[in-house]
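Open the model in your viewer and keep the selection panel at hand. The stops below go one at a time.

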Number of protein chains: 2
Amino acid sequence: MSEGQIGDSQMKLRGRIDPNEPRYVRVHPNDNVAIIVNAGGLVAGTRFSSGLVLTDDVPEAHKVALSAIDEGSPIVRYGVVIGHAARAIHEGDWVMEDDLVAPPAPDLDSVPLATQTPASLPPLEGYTFQGYRNADGTVGTRNILGISTTVQCVAATVGYAVRRIKAELLPRYPNVDDVIAITHNYGCGVAMNAPGAEIPVRTLRNLSLNPNLGGAPMVASLGCEKLQPAQMLPASLLPILQENPYVVRLQDEQHMGFEDMVAALMELAERRLIALNDRRRVTCSASGLVVGMQCGGSDAFSGVTANPAVGFASDLLVRAGATVLFSEVTEVRDAVHLLTARAADHDVALRLVQEMRWYDEYLSRGSADRSANPSPGNKKGGLANIVEKAMGSVAKAGVSPLTAVSGPGERVTTKGLVFAATPASDFICGTLQLAAGMNMHVFTTGRGTPYGLAMVPVIKVATRTSLAERWHDLIDVDAGRIATGDATIEEIGWEIFHMILRSASGEHETWAEHWGLHNEYALFNPGPVT
Amino acid sequence: MSEGQIGDSQMKLRGRIDPNEPRYVRVHPNDNVAIIVNAGGLVAGTRFSSGLVLTDDVPEAHKVALSAIDEGSPIVRYGVVIGHAARAIHEGDWVMEDDLVAPPAPDLDSVPLATQTPASLPPLEGYTFQGYRNADGTVGTRNILGISTTVQCVAATVGYAVRRIKAELLPRYPNVDDVIAITHNYGCGVAMNAPGAEIPVRTLRNLSLNPNLGGAPMVASLGCEKLQPAQMLPASLLPILQENPYVVRLQDEQHMGFEDMVAALMELAERRLIALNDRRRVTCSASGLVVGMQCGGSDAFSGVTANPAVGFASDLLVRAGATVLFSEVTEVRDAVHLLTARAADHDVALRLVQEMRWYDEYLSRGSADRSANPSPGNKKGGLANIVEKAMGSVAKAGVSPLTAVSGPGERVTTKGLVFAATPASDFICGTLQLAAGMNMHVFTTGRGTPYGLAMVPVIKVATRTSLAERWHDLIDVDAGRIATGDATIEEIGWEIFHMILRSASGEHETWAEHWGLHNEYALFNPGPVT
Ligand SMILES: [Ca+2]
Ligand SMILES: [Ca+2]
Ligand SMILES: [Ca+2]
Ligand SMILES: [Ca+2]
Ligand SMILES: [Ca+2]
């Protein structure tokens, strides 16, 4: 595989373009395919200003061959080989999924380790937001009471209590933004000694410690479950957990029935609400931000518009001293050689290799492989295979050095660009990024998905203007303007950066917040259920 | 391992007992351990009417040695060896978890196949309930609009729409009991070609076909997900699915934003509500019942009180022509030789062996084994190991012949006693039993769990009077009266049977219904996430 550089310089378009003019985007000068930009696609016979003539109807966001490609020859996009031609391809042909034979994933034993560590970009001084300072040094962007649960058995009861807390108590504590139950499908009926069981347990622990919960979690437990409160959230972690009791155990003998359990939950919740209500936003350095980057429902524009713009914003955040999390193991696996080369040092590169290897083995135990990733929608959106998807996905990581790698559900305390290993599945990735300490989330989408989380604001960035216009009340940023020439990657990157600061400060309401779109937490449990 | 018989004759106590008299329950004449019945346990030195004297303080529901047991000798309960003594045990000793070395699980290659098929019990004629007849021959016990979802991405949007449907539309359709969203963590970000992926897919399909949804499901889809509506719920399955469109696809181009998506969901929902509202309950034979039996939060009383009473009710249901589902592979694994012997024929026995073998391999792939099952609460409740738990668990299956075996998530159409293979995890088991076609659920608990499902009424049966009294507004039936001598297994069995008929008819509200305790669906996905 040839080593490609994804710099924003290759991605900039040459200026404003007539919307009726047929056009394509070639990402890298070495590419022998490009993607069609025009909404609705283009018909066979269309002639471009370059002289290229389409031999097929090609849908929007799909690939056209810029030159003839012999059977077996490399198909190049982003300057890297995304596959070899399964047939003789003519100039102007639609290059479809079945026309590519994907190369094997990079061999983890021979990837370059910190061989091309980039120089750090110049610091960005003076950017701040209004946040809630926590005793542990983290900063909240919202002020939320989180009720953690050890086991799924208590979920319905806690849900009932939360409805009453929101109706009867929360209105009296106006500085508290929300009350949320962290419910899940774990805690019992699982093999807690199986390899990997530490992942869901630490995820639940670290979700409780998310900066937006202000160091004031409370715990609802059943009593007889396998995952006991002291294992999930040891009292030594936070001063507030040393209060006795910080746990409501439904099976405790003093509860004479359901109404007593609900009353106990409401009483402990009110003690927490009183403390949270006294908190005020203060001016905090942008370095207090922990921004999780994710994509979902990707298309071929993802790697051209939204993800490079998010990558530019990532670099701005890193320059401002913040933490940027990027994730989605199965989507970066095929670009891992680019990332290991960019690692800050040898150890960081090896940690990345280790996470990739663990996931390879996890998939192989389940008789699956990385080809399971692209969805029918990805393919309809023009992404032929996981290599092409990966090249687009890593664009979210900008060009900063990779400073740290964390395992699924681990808390991240490093500043700079961090690979927080997660599956690509949107809700599992989001849940694990919350556990890592995320206090702002940026989500790019090409096909469109009405994603939202209860614990942090989610800024949704569309890869295409047609989606941004249609989903006017769900999409926060239109990165499709990059493909139409109405904006540059840098401009959209700055727009995202400023929206992060305003949203983190509570001065901007994202569409997911407006509608209260709160997807459930989804744990990553590699072990069996019993 | 000696072959034990669990008949109710050995379980009957000798009549009403003075609550202050020290007492224990020996289940089978060959047992050399018994369990302490007195609330709060008994102290060392306590003398029973049998002459036995306790050498240790023994908690309620824990085991006492009825005679000396040499190190390495069998410890027998339910007439079967639940372990071998890890030390020399004296008469009157508390026999604790660590005092038993569990025997290996029965070898699946040498279990008896239909060698002791019991005679069918005499039919019970004339029992009926008021139900909703469906076109496919099934009968609903409730009249619910179910909104199926193909993928987790739509869950928050569907949740928003359901809140509005319940507030704005449902009050105009008073014959419809509820509107529920069947949300889950599946549909994308999963390896759909991995072995086992057919399980969550058919589970979602068959959940949509549950009798309580009246053959009127609708589907919410995103558009780009891996699990497409036509795979989840083919239009050929039900006449109503041939209506065009029966699916709301959020990504469809005619939706100009979130409010349009919600409007489309509400419009299709209203069409379904109109049809459901015209339905009326009619008198149906008890043979239309499909009753799922489950236990959760078990203790040592489970196998003495609640489960045998449920087993008696199971036999009544089978005699009345109904379907009884029992489940929980990891809890019957150690009693499988008793069940294969009871199978109606050789093929049914082999199907049971096949499901057990599949699960052994599934656990082994994840480096877990059956010892992962008992929870700390089970152990605190007196259950030493999975063998003892299994013997108590299979008591739910009564003494009828085993007429069929189904795989996880498969629809069951056989009458009689059916083993519907599921994990023991309460919510996964409940979800899979709903997919099997369950229209009534009976749940036994010793430690106590506030369990409930949205799709069917759940009757909760306590193993101990102390739990039933404390959880007066959660427990529907107190089977602890069997241990105190205030009722017989037969009496509680009939009480459960009659409560099933009244609850199925909508004439009795279970406590879970009263509080609206609706635990989330939990799919069984043996494959990896991506
Ligand atoms: Ca608010
Ligand atoms: Ca993605
Ligand atoms: Ca994703
Ligand atoms: Ca159980
Ligand atoms: Ca169970």
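Predicted model: local features only at pLDDT ≥ 70, side-chain atom pairs only at ≥ 80, totals over all residues.

**Stop 1: a calcium site**

A:C295 belongs to strand 15 (residues 290-295) of chain A and A:E331 to helix 7 (residues 329-332) of chain A, so the pair ties together parts that are 36 residues apart in sequence.

Now colour these two residues by accessibility. Is A:C295 buried or exposed? A:C295 counts as buried because its relative accessibility is 2%, and buried means under 20%. A:E331, at 3% relative accessibility, also counts as buried.

The calcium ion (ligand 2) and the calcium ion (ligand 3) lie 3.2 Å apart, and A:C295 coordinates both.

**Stop 2: residues 31-101**

Select residues 31-101 of chain A, which UniProt lists as "domain: SAF" in an unreviewed entry. Over this stretch the chain is 0% helix and 30% strand. The C-alpha atoms at its ends are 17 Å apart.

**Stop 3: the two chains**

Show chain A and chain B together. Chain A superposes on chain B by a rotation of 180 degrees with 0.0 Å of shift along the axis (RMSD 0.0 Å). That is the relation of a two-fold axis. Which residue of chain A comes closest to the rotation axis? Select A:R365, whose C-alpha is 3.4 Å from the axis.

Finally, select the interface. In chain A, 100% of the interface residues are also interface residues in chain B, so the copies meet through the same surface.

Notes: Residues numbered from 1 in each chain as written. Chains lettered and ligands numbered in written order. Heavy atoms only, no water. Donors = N, O, S within 2.8 Å, 3.2 Å for Na, K, Ca; no water. Helix = DSSP H or I, 4+ residues; strand = E, 2+ residues; numbered from the N terminus. Buried < 20%, exposed > 50% of the residue type's maximum accessible area, 1.4 Å probe, protein only. UniProt positions renumbered as here; feature names shortened; annotations may be inferred. Least-squares fit on C-alpha atoms with pLDDT ≥ 70 in both. Contact = heavy atoms within 4.5 Å.
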